[in-house]
Amino acid sequence: MTHRKSKFEHWRDRQKEKKGVTELSSIEDLVKLMLDGKRAPEDRQVNPTQMEYLLSDAKLKAYMGPAGVAKTSTGVADIFLKALLMPGTKWFIARRDYNDLNETTLRTALNVLNNLPDGTLLDRQKMAPQKWWIRPIVHGVNGAATEPSEITFLGLSDYVGGYEFTGGFIDEADEVTQNNFMQMVGRLRYKPYPDFPDENFGMGCAFNPPSMSHWLYTACTGLDITGAKVAAPVMTLFRPRKTENDRNLPKNYRALQIASMSTELQQRYVDGAWGNTFPGEPVIRQFRQAVHVRPKLQFNGGTLFRFWDFGYNRPAVLFAQVAMDGRTQILKEFLGHHIEGTKFIETVIAQTARAFPYAEKFVDYGDPAVAQHKDTGSMLALLNNAGILMRYQRTPFELSMQMLRKRFETLIEGEPAIVIDESCRIIIDGLLGGYHLKEDGVTPRKDGQFDHEIDALRYGMYNLFGLALSSVRPEDLPRSLAYKPQRKFS
């Protein structure tokens, strides 16, 4: 019977054919030693997804999962494996901040190093950025003397200088900006000898699942926050099961996690799903996903409200219906991207016709500075030409934000005054904290992503229910919208 080679055996054979890489028959044992070296050799194990990640020759790869699946150990071991097998190469291990790296990732690197034989570490530079020289376990090219490999530990928020690397690993990559990530990709150009194989260059990263609005989501899936295909994935994604590493965790680890976390944090840190948690305090703390988000809200006909914001390059509109008693449902969202005024208006009109064919009347509230916006001309003139009557009034930020927060904590006959359809991921993520306060705890951070839709909501709600002037007429609120509560507020 013909033996079918495993992925590991195919990878090992390919490595044997490369210059400077020989005697690889014990790579699997080497990986077990690095990751599970405290146990006896016969008891050592490597998690399945760990081994797939370590043996992958993808140019860019990502290890994403919940807490406790050994993400950092996997990424660090990957760098050690390459440093040991490729003499004279240069690698980096990084986090956003060097102090965080020094307290977390570097400790993991020391644990991996301590599992390796004495003499693996030839020398080290302890001053920041720390650098280690590693003794390879293979011969140099054509039997030449073996050159040591280098591992440099970096904080990416600092100036990283003119480094060149063969590859590297970024820990907690969800904390890193896309610009910093791509900066390091651009530094993957160091060759230990002229004809060093191009397939040996590569970079890995590890992270807890971020929001679907995070750049890593698109980089790994090719999708945007709405689920639309916007690009080809640039990273190969590895997703370990949350139980893979349980043999190395305390028995009550998962139970303690769940007991101390909100539903949103469990989604990210326990289940390993693309999450929606964000750094910083939400600007609207009164929003609660379990209370204010509902599945498959239905438009009941009659008047359709549209709330507009004409942010630079990112215009936004929310589609809503309002009941006789003032309860507001946000049914749909649209956030433009590098789209000029005329095209944006045409797109909104097309989406309105497709999603709300039974709307009898349209009421549009928008940016109070709409008359001053210029794109291909006055935005107000463009709206008028499209047959859209934009209602707007001066909207004091603090007053309108206070009113919006009050609406989120208001109940009307046991139902929240505002509910949002679960398909509106951008505004939901913004309310969860994508739109958050700066370090001063007072000033909202304008991010160019979440603030536009929340501004649109603020304009619409202030025009409807603001203290200065209510421009809602009774005939704009058809009795057909006097719906029964779908779920009791608790």
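This is a predicted model: local features need pLDDT of at least 70, side-chain atom pairs count only at pLDDT 80 or more; totals for chains, interfaces and linings use all residues.
**Entry 1: a word to start with**

A residue is called exposed when its relative accessible area is over 50%, and buried when that area is under 20%. I found E439 in the loop between α15 (425-434) and α16 (451-465). Then I asked how far apart E439 and E281 are in sequence and in space. They are 158 residues apart in sequence, but 8.9 Å apart from C-alpha to C-alpha.

**Entry 2: the whole chain**

I looked up the helices and strands next, and the protein chain has 16 helices and 17 strands. Of its 490 residues, 53% are buried. The chain exposes about 22900 Å², and carbon and sulfur atoms supply 51% of that area. I also checked the contacts between residues at least 6 apart in sequence: 69% of them join residues at least 24 apart.

**Entry 3: an open sheet**

In what order do the eight strands of the open sheet stand? I read the order as β3-β4-β5-β2-β6-β7-β1-β8, with mixed pairing. The strands β3 and β8 (236-238) are at the edges with a single partner strand each, so one side of each has no neighbour in the sheet. From one strand to the next, the twist averages 15°.

A reminder to myself: strands of a sheet pair through backbone hydrogen bonds, either parallel or antiparallel. A62 has C205 in β7 as its bridge partner.

I then looked for a helix against this sheet. Helix α6 (residues 105-115) lies across β2 (90-95), β3, β4 and β5 (149-155), and runs at about 20° to β4.

**Entry 4: nonpolar cores**

In soluble globular proteins, nonpolar side chains tend to be buried together. Which members of the largest nonpolar core touch the most other members? They are M34, F80, I170 and M235, out of 65 residues in this core. Helix α4 gives the largest share of the core, with eight residues. Another core lies apart from it and has 36 residues, including V322, F408, I428 and M461.

Beyond its neighbours within four places in sequence, M235 is in contact with L60, K61, A62, F181, C205, W215, L216, A219 and C220.

A cis peptide bond joins A128 and P129, with omega of about -5°. P129 sits in the loop between β3 (121-125) and β4 (131-134), and both of those strands belong to the open sheet.

A70 is not a glycine, yet its phi is positive, at about 65°. I found A70 in the loop between β1 (60-64) and α4 (71-85). Is A70 buried or exposed? Its relative accessible area is 18%, so A70 counts as buried.

E172 is not a glycine either, and has a positive phi of about 50°. This residue is in the loop between β6 (167-170) and α7 (178-185). E172 has 19% relative accessibility, so E172 counts as buried too.

Note on methods:
Residues are numbered from 1 along each chain as its sequence is written. Side-chain values use heavy atoms; hydrogens and water are left out. Helices (H or I, at least four residues) and strands (E, at least two) are DSSP runs, numbered from the N terminus. Buried means under 20% relative accessible area, exposed over 50%, partly exposed in between (1.4 Å probe, protein chains only). Contact means heavy atoms within 4.5 Å. Accessible areas come from the Shrake-Rupley method with a 1.4 Å probe; for residues, only the protein chains shown count as cover. Two strands pair if DSSP finds at least two bridges between them. Axes are lines fitted to C-alpha atoms, for helices over the stretch in contact, and angles run from 0 to 180 degrees between N-to-C directions. A nonpolar core is a set of buried Ala, Val, Leu, Ile, Met, Phe, Trp, Tyr and Cys residues joined through side-chain atoms within 4.5 Å.
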